[in-house]
Amino acid sequence: MRKRTLFRLAAGTAAVGAATLAYASLVERNLFTLRRYDVPVLPTDAEPLRVLHLSDLHMMPGQRRKQDWVASLAALDPDLVVVTGDNMADPKAVPGVLRALQPLLDLPGAFVFGSNDYTGPVLKNPFTYFLPNREYTEGVALPYQELRDILTGAGWADLNNARTTLKAGGREIELVGVDDPHIERDDYDAVAGPVGDSAALSIALAHSPEPAVLDRMAADGFGLLLAGHTHGGQVCVPGYGALVTNCGLPRSMARGLHRWPASDSWLHVSAGLGTHPTAPVRFACPPEASILTLISR
């Protein structure tokens, strides 16, 4: 009788596990979700400005459902589009990324790259994400320069260790960005300095939200910090949240809008729209894009 009970418990546990895996791999990772946040960063009485934040597409050839969903976001008519990296997961991904972003390229935009714009993902043990000093392994080279040329050719600002101003929503916006801190390509020293007086708004970009970089951006006066990389934890525990962020950011800030500590800045971390292609699952953390409606303080 005891053996039969143990067998039933084991069989039930296996069935629940299989059902959860099926849901995570076949359902939730395709439940593309639009998040909406109000962010109080504009001067008093300023008209709202809407920013579409996209991140971590990890595009594979043939992912037309994802491409169509991203392309449909142009109907939101944002004032500014920001992309915080990891657009590709395959050397043949550029046409798919372009198909997704094409309707948005007529709008003002800015971008930084992540590690999976330069090299492709490699098969790895997912438990290594819990190791604080795990070694980064490069995969196949990706056509990042082709993607860069397309985006800059459309007029989008390349903010990989760069700083600029652009006009969006009828206002001048000061922007700064760094290349991916996760693979030590960031060089904030090259672009550091206080926000100017003429801009109505200031935004800083990084793919990986490393606190050391965000601290410096906030100290320079950038009011809105945008990042991705974490996938929101990708596999979360309901009621507990992300298990890991794959960077120095606390788990409690793995996705969503947060006040950056000891500053007047706000941080938005996108949970992203894709997954590592060797771990195509999401649980309690659906893929997302965000509309940030910037409002007066």
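Strands β12 and β13 run antiparallel and are joined by four bridges; two strands count as paired if DSSP finds at least two bridges between them. Strands here are DSSP runs of E with at least two residues, helices are runs of H or I with at least four, and both are numbered from the N terminus. The model is predicted, so local features need pLDDT of at least 70 and side-chain atom pairs count only at pLDDT 80 or more, while totals for chains, interfaces and linings use all residues. Residues are numbered from 1 along each chain as its sequence is written, and side-chain values use heavy atoms, with hydrogens and water left out.

Between β12 and β13 lie six residues, and the two strands form a hairpin. Ala262, in the turn, has a positive phi of about 55°. Across the pair, Leu257 stands opposite His268 in β13. In a regular strand the side chains alternate between the two faces of the sheet. Buried means under 20% relative accessible area, exposed means over 50%, and partly exposed lies in between, with a 1.4 Å probe and protein chains only.

In α6 (residues 211–219), the buried residues include Val213, Leu214, Met217 and Ala218. They cover an arc of only 130° around the axis, which puts them on the same side of α6; the arc is that of the directions from the helix axis to the C-beta atoms. On the other side of α6, Ala212 and Ala219 are exposed. Just after the helix, Gly221 takes a positive phi of about 100°.

Another part of the structure is an open sheet of six strands with mixed pairing, in the order β1-β14-β2-β3-β4-β5. At its edges stand β1 (33–42) and β5 (157–158), each with a single partner strand, so one side of each is left without a neighbour in the sheet. Within the sheet, β2 and β14 run antiparallel and are joined by five bridges. Val51 has Leu292 as its bridge partner in β14.

Strands β2 and β14 also contribute to the largest nonpolar core. A nonpolar core is a set of buried Ala, Val, Leu, Ile, Met, Phe, Trp, Tyr and Cys residues joined through side-chain atoms within 4.5 Å. The largest one has 30 residues, and those with the most contacts inside it are Leu54 and Leu104. Elements that give two or more residues to this core include β2 (49–54), α3 (94–101) and β14 (288–296). Helix α3 gives the most, with four residues. A second, separate core of 23 residues includes Val51, Ile173, Leu224 and Trp266.

Where does Ala289 sit? Ala289 lies in strand β14 and is buried, with a relative accessible area of 0%. Not counting residues up to four places away in sequence, Ala289 touches residues including Leu34, Leu52 and Leu54, where contact means heavy atoms within 4.5 Å. Ala289 and Leu34 are 255 residues apart in sequence and 5.1 Å apart in space, C-alpha to C-alpha.

The structure holds zero disulfides, a disulfide being a pair of cysteine sulfur atoms within 2.5 Å. For Cys285, the nearest cysteine sulfur, that of Cys236, is 4.2 Å away.
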